[in-house]
Amino acid sequence: MHPKSAVEAALFYASESISASEIAKEINITKEEVEDSITALITEYDDKCSAITIVKVGTSYRMQLREEYVKLVKKFSKTELSQKETKIIATIAYNQPIMQSELVKKFGTGIYVNIRDLTDMGFINKKQIGSSFQLTTTKKFSEYFGIESVKIEDIRKWIENNEKRNVQT
């Protein structure tokens, strides 16, 4: 078994981002071999203009479609989020941390079900503060939307850039 191919298989098969240490442990190679393999794979995918890329999310890695291909093939994938849930999570992501009470004012009391569902799906975290909850996005949110960072300022920039693209198209 070739280490680079084993790393590629691990990234392909993983349902979530995975660290170099986790890959190394599972396929029995060193962390350095994993990191070298990831670097080589990124270069190969770039050189052949592949629709696939490997991105770093925090301290982990994820194989995903390049952003320009997501819209092209999105119709082939079953969407987990409704249009309302997408609006709600975008509002949370852009304004995080945000209090649930602020969202209720904006979207109405029906939002409680949406927030519960988004929490159950792992897209948002809830932290009780007083009689309300403070809401933030999770790593899964960044992974789902192909955002290469979990930092609030990077998520905000990503949303702003996508909003500009949507206005231009």
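Predicted model: local features only at pLDDT ≥ 70, side-chain atom pairs only at ≥ 80, totals over all residues.
Which exposed residues does the face of α1 turned away from its buried side carry? They are Phe12 and Tyr13.

## Overall make-up

The protein chain has 169 residues, and 37% of them are buried. Its secondary structure comes to 9 helices and 6 strands. Along the principal axes, the C-alpha atoms fill a box of roughly 55 × 40 × 30 Å.

Contacts between residues at least 6 apart in sequence were also sorted by separation. Of these, 51% join residues at least 24 apart.

## Helix α1 and its two sides

Helix α1 spans residues 3-13. Its buried residues are Ala6, Val7, Ala10 and Leu11. Viewed down the helix axis, they fall within an arc of 135°, so they line one face of α1. A helix has 3.6 residues a turn, so residues three or four places apart point the same way. On the face turned away from the buried side sit Phe12 and Tyr13, both exposed.

What do the buried residues of α1 pack against? The partners are β1 (18-19), α2 (20-27), α3 (31-47), β2 (52-57) and β3 (60-65).

The pairing is antiparallel and runs over 6 bridges. Val57 has Ser60, in β3, as its bridge partner. The hairpin has 2 residues between the strands. Gly58 takes a positive phi there, near 70°.

The largest nonpolar core has 20 residues. Ile89 and Phe141 have the most contacts inside it. Five elements are listed as giving two or more residues to this core: α5 (83-95), α6 (100-107), α7 (111-120), α8 (139-145) and α9 (152-168). Helix α5 gives the most, with 4 residues. In soluble globular proteins, nonpolar side chains tend to be buried together.

Phe141 shows how contacts reach across the chain. Leaving aside neighbours within four places in sequence, Phe141 is in contact with Ile89, Ala93, Phe123, Ile147 and Ile155. There is also a second, separate core, of 17 residues. Among its members are Ile18, Ile27, Ile38 and Leu41.

## Salt bridges

How many salt bridges does the structure hold? There are 3. One joins Glu44 and Lys4, with the closest N and O atoms 2.1 Å apart. Glu44 lies in helix α3 and Lys4 in helix α1, so the pair ties together parts that are 40 residues apart in sequence. Both ends are partly exposed: Glu44 has a relative accessible area of 33%, and Lys4 has 22%.

Another salt bridge runs from Arg66 to Asp46, with the closest N and O atoms 2.6 Å apart. This pair links distant parts of the chain, 20 residues apart. Arg66 is in the loop between β3 and α4 (67-73), while Asp46 is in helix α3. Arg66 is buried, at 16% relative accessible area. Asp46 is partly exposed, at 41%. Asp117 and Arg116 also meet in a salt bridge, at 3.1 Å from N to O. Asp117 is partly exposed, with a relative accessible area of 24%. Arg116 is partly exposed too, at 45%.

## A buried charge without a partner

Glu85 is in helix α5. Is Glu85 buried or exposed? Glu85 is buried, yet has no salt bridge. The nearest side chain of opposite charge is Arg116, 8.0 Å away. A salt bridge needs a side-chain nitrogen within 4 Å of a carboxyl oxygen, so Arg116 does not qualify as a partner at that distance.

## Tyr112 on helix α7

Tyr112 is in helix α7. Tyr112 is partly exposed, with a relative accessible area of 42%. Setting aside residues up to four places away in sequence, Tyr112 touches Gln100 and Val104. Gln100 is 12 residues from Tyr112 along the chain, and their C-alpha atoms are separated by 8.6 Å.

Note on methods
Residues numbered from 1 in each chain as written. Heavy atoms only, no water. Buried < 20%, exposed > 50% of the residue type's maximum accessible area, 1.4 Å probe, protein only. Arc of directions from axis to C-beta. Contact = heavy atoms within 4.5 Å. Core = buried A, V, L, I, M, F, W, Y, C linked by side-chain atoms within 4.5 Å. Lys, Arg positive; Asp, Glu negative; His and termini not counted. Pairing = 2+ DSSP bridges.
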